[in-house]
Amino acid sequence: MSTNTPHQEPFASLSPAVMRASTVVFDSFEDFVQRKNRQPDGFSYGVTGTPTARLLEQKIAELENGRHCVITPSGAAALMTAVMGFVRGGDHLLVSAACYGSLKTFADKWLARMGVEVELYQPDIGAEIESLIKANTRMICMEAPGTVTMEMQDIPAIAAVARKRGVLTMLDNTWASPLGFKSLKHGVDLSIQAATKFFGGHSDVLMGCISMNDHGHYDILRETQSILGQQVSPEDCFLVLRGLETLKLRVEAQSASTIQIAHHLAQHPLVERLMYPPLESDPGHAIWKRDYKTNGCLFSMVLKPAPERAFHGFFDSLQHFVIGASWGGVHSLAAYYPAPLQADRPFPATDQPVVRLSIGLEDTAMLIADLDQALDAYGRAMAQG
Ligand SMILES: *Cc1c(COP(=O)(O)O)cnc(C)c1O
């Protein structure tokens with residue numbers, strides 16, 4: 001026998017099995033010929049998934065209160081796969097101006113040139129999105145709070161209008177995770193996570209997922225995922241399965257630390273504005289309070305205007321925050337988004353540079369002290385004019 005089947009002695013462990021395969025082996029000719037009929041759940045070739053991938057998909061679907069889930073090799077891949085599953089030339093696609101950058105670039109540089117009519121809309125549009133819906137509108141892409149500038153969206157209102165008009169909705173729900181916001185319960189068709197963030201939780205794996213209730217959508221997305229070759233390594237599935245074991249504890253602890261740090265920064269004389277819906281001062285606070293159950297671990301701030309040198313001072317004096325993109329892991333991170341990037345966006349939330357912080361599991365007082373001394377360095381550079 002050429003397959004590597006282990007001993008059939010009884011064995012049980014708390015750890016999920018990491019099952020690798022490009023080739024899936026069939027019992028008979030008939031089985032092989034009929035292999036496509038095993039989709040969307042079964043196994044026919046590595047690219048459609050392994051038992052390790054299915055286990056993770058099942059756990060994520062449960063978390064999302066959904067019936068089905070498709071995992072992808074990154075959060076970005078989940079966004080593109082969701083769109084590619086349903087949108088074709090001639091369709092009209094509505095994308096929030098605060099959606100993830102690579103989704104907007106994909107829409108603009110690829111979809112628009114393949115005959116898709118791409119339209120960006122103001123994130124806080126709410127039910128008025130109905131005025132933008134046309135006969136050929138196929139999908140509405142949402143993200144809340146928005147990437148970098150944290151605009152909230154009235155998801156239930158947009159989802160209700162879309163349902164009524166027969167338009168699909170997808171939400172990038174990474175900031176809240178399903179513990180903070182149940183997209184599918186609020187009427188969204190496709191709930192997307194960058195599993196790279198809270199699910200993985202340790203800044204060492206890239207993954208994405210799309211959860212849903214509709215079996216027809218699942219069928220289409222399984223086919224799209226495998227035709228685009230977007231399968232995930234079982235080792236990476238293992239890491240995310242492990243991450244999920246502590247998801248609730250991490251989200252709670254990071255959420256509690258984040259709100260404390262945000263309150264502290266909100267009082268700081270060098271902080272002009274915090275972009276963080278859990279704060280009462282945030283324009284999205286009312287929606288956050290109505291719909292969301294967690295504070296997240298990510299917020300942005302606009303500092304009092306100063307020469308660029310001051311940002312060097314701030315970032316280079318950080319002792320505990322690491323400088324880097326991404327977020328949601330156990331280590332705190334700081335990232336910088338320059339002014340032109342903000343100002344050139346349609347419906348810009350600010351024309352100033354943005355500093356984005358992801359709060360990890362380090363001691364809160366220590367993180368506050370770190371930010372205070374970095375802001376002191378910012379202030380000194382500012383005073384030098
Ligand atoms: C990081 C992120 C993504 C992309 O995820 P990757 O796994 O890094 O590709 C998409 N959406 C949001 C909101 C994110 O924060």
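Author: In this model, strand β2 (residues 92-96) runs parallel to strand β4 (residues 137-143), and four bridges join them. Within this pair, L93 stands opposite M139 in β4. Strands of a sheet pair through backbone hydrogen bonds, either parallel or antiparallel. Here two strands count as paired if DSSP finds at least two bridges between them, and strands (E, at least two residues) and helices (H or I, at least four) are DSSP runs numbered from the N terminus.

The model is a predicted one, in which local features need pLDDT of at least 70 and side-chain atom pairs count only at pLDDT 80 or more, while totals for chains, interfaces and linings use all residues. Residues are numbered from 1 along each chain as its sequence is written, and side-chain values use heavy atoms, with hydrogens and water left out.

The β2 and β4 strands belong to an open sheet of seven strands with mixed pairing, in the order β1-β7-β6-β5-β4-β2-β3. At its edges stand β1 (68-72) and β3 (117-121); each has a single partner strand, so one side of each is left without a neighbour in the sheet. From one strand to the next, the twist averages 20 degrees. Helix α2 (residues 51-63) packs on this sheet and touches β1 and β7 (208-212), contact meaning heavy atoms within 4.5 Å. The direction of α2 makes about 125 degrees with that of β1; axes are lines fitted to C-alpha atoms, for helices over the stretch in contact, and angles run from 0 to 180 degrees between N-to-C directions.

In contact across the interface are 38 residues of domain 1 and 37 residues of domain 2. Together the domains bury about 3100 Å², 66% of it on carbon and sulfur atoms; buried area is the accessible area (1.4 Å probe) that two parts lose on being put together, summed over both.

Two salt bridges are counted between the domains, a salt bridge being a side-chain nitrogen of Lys or Arg within 4 Å of a carboxyl oxygen of Asp or Glu. E151 forms a salt bridge with R345, the closest N and O atoms being 2.8 Å apart.
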